Amino acid sequence: MDLLHYARAQMGLSLAFHIVFAAVGVGLPVLLFISDALYLRTKDPDYLELSKRLAKGTSILFAVGAVSGTVLSFELGLLWPNFMALFGEVIGIPFSLEGFAFFTEAIFLGIYLYGRSRISPRLHLFSAAVVAISGAASAFFVTLVNAFMNNPRGFELRGGVLTNIDPIAAMWSPSWATQTVHVLISSYQATAWAMVGIHAFMLLRYPSSTFHRKALKVALPVAVITALIQPLSGDRSAKHIAEHQPWKLAAAEAHFETSRDVPLYVGGLPDPDARTVRYGIAIPYGLSFLAFGDLHSEVKGLDQVPREDWPNVRNAHFAFQTMVGAGTAMAAIAVVLIFFAVRRKQLSQWLLKLLVVAAPLGFIALEAGWLLTEFGRQPWIVRGAMRTSEAMTKVPDLASPFWIFTLVYLLLGAVVVSILVQQVRATAPFDSGERA
Amino acid sequence: MSLAIAFVLVAALTIYLLSGGADFGAGVWDLLASGPRKQAQRDAIERAIGPIWETNHIWLILAVVVLFTAFPKAFAAYSTAFHLPLTLFLVGIVLRGSAFVFRHALWEQPKPRKRWGLLFSSASVIAPVLLGIVIGGSASGRVHFENGVVLPWMGPFAISVGVLTLSICALLAATYLAVEVDDEALRKDFITRATGTAGMTALLAIVSFILAAKEAPSFISRLTGRPESMAMIAATFVLMVLGIVLMRRGRIAYARIAIAASIVLVIGGWAVAQYPYLLAPDLTVQNAAANPKTLKLAAIALGAGSLLLFPSLYLLLRVFKGTRDGVIVDG
């Protein structure tokens, strides 16, 4: 690998790792809040137990998220100093606001996690709410930065010098609304589906457990609602990028030549040199309709962009397919779940098994969606203004830091999983009946 | 305006050292826990930093964000010049924080608790040294670039500032712990540690000063040539001695104030001597500053953020530091 690839790999690794914990940091507080609120209303000890158990996991996940987030804030400079030297003043404001949101989140999480017996139940519930709101705010602000990178505004660039810098305009890139909504829903969705999967698994092993049944009751509504609205938000995003970042949609769909009546490929292996997609299933008019709501509309292809400025079409297409595939699967399961709920039927064995299998889908979709937005922007770090290669540091050795962080994150990932598995196992005999 | 933001930056770093630095220092005392109350010392450390270390840590993130928003060129230069120590510092931060929560989660299992405790405490020792090396390297005025590649700057002075930083962290931690613990014998343990470290900190400060005379002459001439910085350094030593005396007499709550104030003045003296340079000899508070519009917005964001931050911080400290019965409750 050359230096640029090491730098991108280190940034990608750090983000891919952090994003899981960040999403949990956004999603879990909502589930904690629901569980605590249910306890306060019903006084059912199972809900109290659930929120205590979730809090244990949260304390680990949040801490790892906080330290891996610190790494990222430094890596902006360690890996991309030219990007920060030039654009730091353009896009620093949302980062500053994120800093304060993060402060609030950490403070109230500390109060929430360690203060249960020291403060009133209402202040305790209030801190869960503050954690949930500030967690969402952090994700919101940091996504504004990404929206800027994809669709920059608020500056003029001449001969490597920025003029007319307008940080407010930069903060509200035209892509801000579609991106932030999509990101926030994905965080709730990924967390809820993972939690559903875990408790479905435990319920299969301990079918009489009221504890795990109630845990499902907390997480399932969030899982179902997000799975159903996320495709709508995704559709809005697709229509938005069709207009504002057509090259990204073209890469995601491996659409090479600008044309009308464009089909949509499901699966398939793009061949950028031959400018075709092999082995894919083509849905006639699919992409024209998806992008503009009209079967015959013209969709811009990669031919609008010079060949050297193409993103990696295979990566973008694969990431897009993965995201859409996982999202569709969750939406389909959500429909089945609604059917069960309407009929007031108990969750059957096969459905629980399906939920276990579906547990990672939310995170798979989230990672794939993030990869799509990053792959799809390449070779630019700020679309049209600065290339990723221009942004890179001149430090000669980037392989060592990459391998160091790879090892550290592999270790941490393995330990976090093993501790969480232990914590889930410890919930096995839990039941209000058994404890009484 | 750029000067006001630079002041906020120094303030954020100061609070980081006083709070987050003390958490690293607590790790040092976890590593060096000894005597008949070895486990009790570690328990006290666990209770003291558990609920607050993540919040304390965010002062560092705030400082970084303010730096790259208001002084983007300085951020880029620091990241390039100090690539290696900063990378290792980050590894230390990641391992310290993760190992601490892993130990907390596995508290009931003696072996993993020991293993993660060792990683937590050794990472707590390494991280502040690396941060200090960066500060020392920057004060040295030796950082030069050729075509974007940094020339060697490392030397005994930078290392001495690293060790001094570690010593300050340990001193703060021992002082806070002496105030916070309930048990008198345990309190004595931490008082002994605090007074010993105070002496060592003073010694290391003198060593750094001597090394700086050779390696960072321009920094030293600014330090000694400016009445403000000299006054601060002199006051530092007075407060440090006062702190030790108060502590020996059992007035530990006052000793804590004196010692924390002396550390604030160390940083104040350093900042005054550093001025106008963010990274000598090329980058100053003026020539590295962002455009006026960004500076103004950053100031507004910092002001508005503080309105939210300080009441929340007050609540956090009242919940956990207001009483002395620090029992670990779930989580």
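Colleague: Are A:Arg116 and A:Asp36 buried or exposed in this predicted model?
Modeller: The cut-off for burial is under 20% relative accessible area. A:Arg116 falls in that class, and so does A:Asp36. The answer for A:Arg116 and A:Asp36 is buried.

Colleague: How many Å, N to O, separate the side chains of A:Arg116 and A:Asp36 in their salt bridge?
Modeller: A salt bridge needs a nitrogen of Lys or Arg within 4 Å of a carboxyl oxygen of Asp or Glu. The side chains of A:Arg116 and A:Asp36 meet in such a bridge, and the N to O value is 3.5 Å.

Colleague: How many residues apart in sequence are the parts that A:Arg116 and A:Asp36 tie together?
Modeller: A:Asp36 sits in helix α1 of chain A. A:Arg116 sits in the loop between α3 and α4, so the parts tied together are apart in sequence by 80 residues.

Colleague: Which residue forms a salt bridge with A:Asp44?
Modeller: A:Asp44 lies in the loop between α1 and α2 of chain A. Its partner lies in helix α7, so the pair ties together parts 170 residues apart in sequence. The closest N and O atoms are 2.7 Å apart, and the partner is A:Lys214.

Colleague: What does A:Glu257 count as, by its relative accessibility?
Modeller: A:Glu257 forms a salt bridge with A:Arg275, at 3.8 Å between the closest N and O atoms. Partly exposed runs between the buried limit of 20% and the exposed limit of 50%. A:Glu257 has 39% relative accessibility, so it counts as partly exposed.

Technical notes
Residues are numbered from 1 along each chain as its sequence is written. Chains are lettered from A and ligands numbered from 1 in the order in which they are written. This is a predicted model: local features need pLDDT of at least 70, side-chain atom pairs count only at pLDDT 80 or more; totals for chains, interfaces and linings use all residues. Side-chain values use heavy atoms; hydrogens and water are left out. Helices (H or I, at least four residues) and strands (E, at least two) are DSSP runs, numbered from the N terminus. Buried means under 20% relative accessible area, exposed over 50%, partly exposed in between (1.4 Å probe, protein chains only).
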